Amino acid sequence: MVRQPSRAQWIPGFVIVLAVVIDLVTPADVTSAPLLTVAPVAAAPLLRPRGVVAVGLISMAVHAVLAHVDGTFGWRAGVANQLTLAAVTVLAVVINRTLARRDASTRRARQVAAVAQRAVLPPPPARIGPLTVAARYVPAEDEAMIGGDLYVAQATPWGTRVMVGDVRGKGLGAVSAVCSDIGAFRYAADESENLPALVDALERALSREGDRRGGLEDVEGFTTALVAEFAPDLSTVRIVNRGHPPPVLLDDRGRATLLVPSAEAPPLGMGGLGAWPAPVDTFDFPPGATLICYTDGVSESRDTAGVFYDAAERLPLLLRRRRALGDSTSPSQILDALVHDVRRHTGGRPQDDQAMLALHRETAPRPPS
């Protein structure tokens, strides 16, 4: 059984005490036996089997004492109630074991899902050359740890290259497309001399995947993607945006700049509908800067008034707050603060899967170890 908070484990005892109080303040012909039967049932999801049995035995003992004090311990008001309490206790133990098996099955399923997620979407290395890297994946549903959002980062002969994307659709079809996207990126990132060639390779891979899957995916399967390449000296970052939310660049002072593409371009996988040039935009990436990339699960999160979350506006506030408290502003801590702030904005559960990637350039070179 999953352990419950300690306060909840006192609920069966509270029910027994309440039954005693009610029995003592009511006439002798009024019995609290029906309320006592609630105690072992309440214990079923909260305690282990021995605890459930103990609660049942205590309920039976309390009923026997109260019935004896009231002078009502006869066949109808005494033994029959004792048999009822015994039967309810047995039933509570059965419920307890059923819930325990279900909890164990759920835990195993979540463990399998976690392993599958790490296989499909492995976390990037904490460092890629001089870049510090952090990633977060927040599923919209706790039980569905694998979705259609993705991130990948790797060192290549032409500098560090990354991709953050969001596959259309859900379920196993989206997971298959994620695997195809990541596999294509890992190969093409090492082989393509420039970003246009890399994006073309991704386009061809998605087209082949759509042909294999057929049906609706053949005409409507696509992936919004942000593909970035850092110069070997990290002075600049070059970005191709294919229908994806623009990233946020934080400088060393915590000021945010939204890196909007110079021209709109459709998502990957829509080459069959026509050809659109995707510009390569170059941005300065000064020392101390952090590039924050995310999927539309962040940018399209809405509050109760329908207002979308604005990462470019909120991130500087989050950084100033952390610095005022003396907290760390590492890429990992920034993403943790972003996850918490988006959840606060939506008032609880995420409205869509969220994938986030943060890449930080140190202010000064690290001293040799």
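**Exercises on helix packing and strand order**

The crossing of helix 10 and helix 11 is right-handed, a term used if the near helix is turned clockwise from the far one by less than a right angle. The model is predicted, with local features needing pLDDT of at least 70 and side-chain atom pairs counting only at pLDDT 80 or more, whereas totals for chains, interfaces and linings use all residues. Residues are numbered from 1 along each chain as its sequence is written, and side-chain values use heavy atoms, without hydrogens and water.

**Exercise 1.** Determine how helix 10 is oriented to helix 11 and which residues make the contact.

*Solution.*
1. Helices are DSSP runs (H or I, at least four residues), and strands are runs of E (at least two), numbered from the N terminus.
2. The axes of helix 10 (residues 311-324) and helix 11 (residues 331-346) come within 10 Å and cross at roughly 120°. Helix 10 is therefore oblique to helix 11, as angles under 35 degrees are roughly parallel, over 145 roughly antiparallel, 65 to 115 roughly perpendicular and the rest oblique.
3. Contact (heavy atoms within 4.5 Å) involves residues including Leu315 and Leu318 of helix 10 and Ile334 and Leu338 of helix 11.

**Exercise 2.** State the strand order of the open sheet and identify its edges.

*Solution.*
1. The five strands are ordered 3-4-5-6-9, with antiparallel pairing; pairing requires at least two DSSP bridges.
2. Strand 4 (residues 159-167) and strand 5 (residues 223-230) share seven bridges, and glycine 165 stands opposite alanine 225.
3. Strand 3 (149-156) and strand 9 (281-284) each have a single partner strand, so one side of each lacks a neighbour in the sheet.

Methods: Axes are lines fitted to C-alpha atoms, for helices over the stretch in contact, and angles run from 0 to 180 degrees between N-to-C directions.
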